[in-house]
Structures are given as C-alpha cells and as structure tokens.
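Please view the sequence and the structure first.

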Amino acid sequence: MDETDSDVEELQRMLDSSLPHSSEHLRSIVTPERTLTARQLCGVLTGMCTLSVATVTAGGAPRISAVDGHFLRGRWVFTTSGTAVKTRHLRARPDASVAHLRGDDLGVFTHGVAEFLPPDHPDWRPVEDHLVHHYGSSPTSWGEDIVYVRVLPHWMVAYAFDPGKVVGRTGGED
C-alpha cells in the first residue's frame, strides 16, 4: 500500500460522499455493510487490476476498453499508446469512468477526469518506479508513444458482497 495517511483520509471523504449522492437503485445494492473503508480498499487494490475505461466519442457515443490499472495514492493510473482511440478521446474530452470488477466479490466504480502525466510531471517518477517494479521494464520501452494517465476521481463507490472475504483474502485489513 503506497497511500499516505492523507491519501487515505481524502479517499475516505470521497467514498463517504459518493454513495449517499448515488441513485436509490445503487444504494439498494451497495449498502453500508457491503462497502469497504478507504484503508481496506487500498489494501485490496494492490498489483495490477484490469480496468474497463469508458470514454466518449466526439458524437457522444460511449466507448469502452480494457487497460492494466494500478491504484496508487488513492487514484487509478494506467499507460496506453498515444495513438490509441481512448487517448484521443481523453485528450479531447477528459471525463472518464473506470470500473474494476472481480466476479461478484468486488466492484470499484469511479468517475473522474483523466490527467496525462508527462515525464516532467512531479508524479511521473513515482508512477514509473512502481510500474518498472511491477513489470520489470518501463512502459516507455513498449512503444514509441506511451502515455501515462491518472484518473482524478470525483466519485467512487466500492462494493464488496462480503467485505470480510475480500479483505481477508488480500490482506487489505483496516
């Protein structure tokens, strides 16, 4: 877990404010006993997590694709090709939705704004170091135009049908 106490507190505030402002239908499924605390969530979302990233075309049509995601400091980060359609969409319309699902056990749903992290960004190096440690090589070596993207969330809900099962299996205990 790479999150600071401040990161965890900020994430907890967002989790606490997101669910109450969700639809009645969502609140009937994601009940308080089926959620995780920020600290638990950070402990569960370690390593690579397959994400579904939703973007929007210029005409307003939704598009979804999958990426290797990493939850760092309470935010999703991923890399992709600078020539990918999702990259064009996010550069033009940075609002994005991201979902990480593990069967019926865990669902993390995020709405936010995509931020591109160029090598001169102060947060690029820690992200790069994490990814090199995980993959054994830099994503920049995988292609000519690899971009680093972080989703700055403004809404996030974490669903766990049985939180004890999810937290106990991954060690993300509170």
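## Terms and model

Buried means under 20% relative accessible area, exposed over 50% and partly exposed in between (1.4 Å probe, protein chains only). The model is predicted: local features need pLDDT of at least 70, side-chain atom pairs count only at pLDDT 80 or more, and totals for chains, interfaces and linings use all residues. Residues are numbered from 1 along each chain as its sequence is written, and side-chain values use heavy atoms, with hydrogens and water left out.

## The barrel

Strands (E, at least two residues) and helices (H or I, at least four) are DSSP runs numbered from the N terminus. Two strands pair if DSSP finds at least two bridges between them. Six strands, in the order E1-E2-E3-E6-E5-E4, close into a barrel with antiparallel pairing. Strand E3 (residues 75-81) pairs with E6 over six bridges, and threonine 79 stands opposite tyrosine 148 in E6.

## Helix on the sheet

Helix H5 touches E2, E3 and E6 (contact: heavy atoms within 4.5 Å).

## Aromatic pairs

Rings of Phe, Tyr and Trp (its six-membered ring) pair if their centres lie within 6.5 Å; planes under 30 degrees apart count as stacked, over 60 as edge-to-face and the rest as tilted. The count is three aromatic pairs. Phenylalanine 71 and tryptophan 76 form an edge-to-face pair, 5.0 Å centre to centre with 65° between the planes. Phenylalanine 71 is buried at 5% relative accessible area, and tryptophan 76 is buried at 1%.

Tryptophan 124 and tyrosine 148 have ring centres 5.3 Å apart and planes at 50°, so this pair is tilted. Both residues, tryptophan 124 and tyrosine 148, are buried.

Conventions
Axes are lines fitted to C-alpha atoms, for helices over the stretch in contact, and angles run from 0 to 180 degrees between N-to-C directions.
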